[in-house]
Amino acid sequence: GEQLSYCYEVHVPGSMEIPEANGILHCDILSSIPDGIINGHSPFVQYFDADSWPKEAVVRNRKPGDRIQPLGSPGTKKLKDYFIDRKVDRWKRDKIPIIAVGNRVLWVIGYDMADEIKVTKETRKFLKMEFIKIR
């Protein structure tokens, strides 16, 4: 099948519909979050350090050259290798929306976030992102 290329600005705070991924991305800035749900809360809800979130982030389909440093991992890897490591079927990979800046992937929605924007003890403002399937 022909994969539609798409790319939307991420509005923080705000919501944006991503028709190609059948969902809505909802972003909130919070001053605190409940204990114990810092990272890896759920595959479709993620918390980031709001102050280290890049304003030029977009939500889009994957592209050649994309790289991610998965949470807790020492270095970056090609997104393609990441999908292979996670045993994600090839037909699924094009359907997974990602949030990125340039070719740096910040969140593979439904999978991992990047280490560089994780919540730490120094985090004062939390960015909560939720991806809600609409069909």
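Which side chain does Asp94 meet in a salt bridge? Keep in mind while looking that this is a predicted model. Select Asp94 together with Arg62, and you will see their side chains meet in a salt bridge, with a distance of 3.0 Å from N to O. Asp94 sits in the loop between α2 (90-93) and β8 (98-101), while Arg62 sits in the loop between β5 and β6 (67-68), so this pair ties together parts that are 32 residues apart in sequence.

**Next stop: Lys125 and Asp51**

The structure holds seven salt bridges, and another of them can be found by selecting Lys125 and Asp51, whose side chains meet at 3.6 Å, N to O. Lys125 belongs to the loop between β9 (104-108) and β10 (126-133), and Asp51 to the loop between β4 (45-49) and β5 (58-60), so the two residues tie together parts that are 74 residues apart in sequence. Are these two partners buried or exposed? Lys125 is partly exposed, with a relative accessible area of 39%, whereas Asp51 is exposed, at 53%.

**Next stop: Lys118 and Asp115**

Now select Lys118 and Asp115, which form a salt bridge in which the closest N and O atoms are 3.1 Å apart. Lys118 counts as partly exposed at 30% relative accessibility, but Asp115 counts as buried, because its relative accessibility is 15% and the cut-off for buried is under 20%.

**Last stop: the strands beside β10**

Finally, show the model as a cartoon and select β10, together with β3 (residues 23-30), and you will find the two strands paired in the antiparallel sense over eight bridges. To locate one of these bridges, pick Gly23, whose bridge partner in β10 is Lys133. Which residue of β10 is the bridge partner of Phe48? Selecting Phe48 and looking across to β10 leads you to Leu127. As you follow the side chains along a strand, remember that in a regular strand they alternate between the two faces of the sheet.

Conventions. Residues are numbered from 1 along each chain as its sequence is written. This is a predicted model: local features need pLDDT of at least 70, side-chain atom pairs count only at pLDDT 80 or more; totals for chains, interfaces and linings use all residues. Side-chain values use heavy atoms; hydrogens and water are left out. A salt bridge is a side-chain nitrogen of Lys or Arg within 4 Å of a carboxyl oxygen of Asp or Glu. Helices (H or I, at least four residues) and strands (E, at least two) are DSSP runs, numbered from the N terminus. Buried means under 20% relative accessible area, exposed over 50%, partly exposed in between (1.4 Å probe, protein chains only). Two strands pair if DSSP finds at least two bridges between them.
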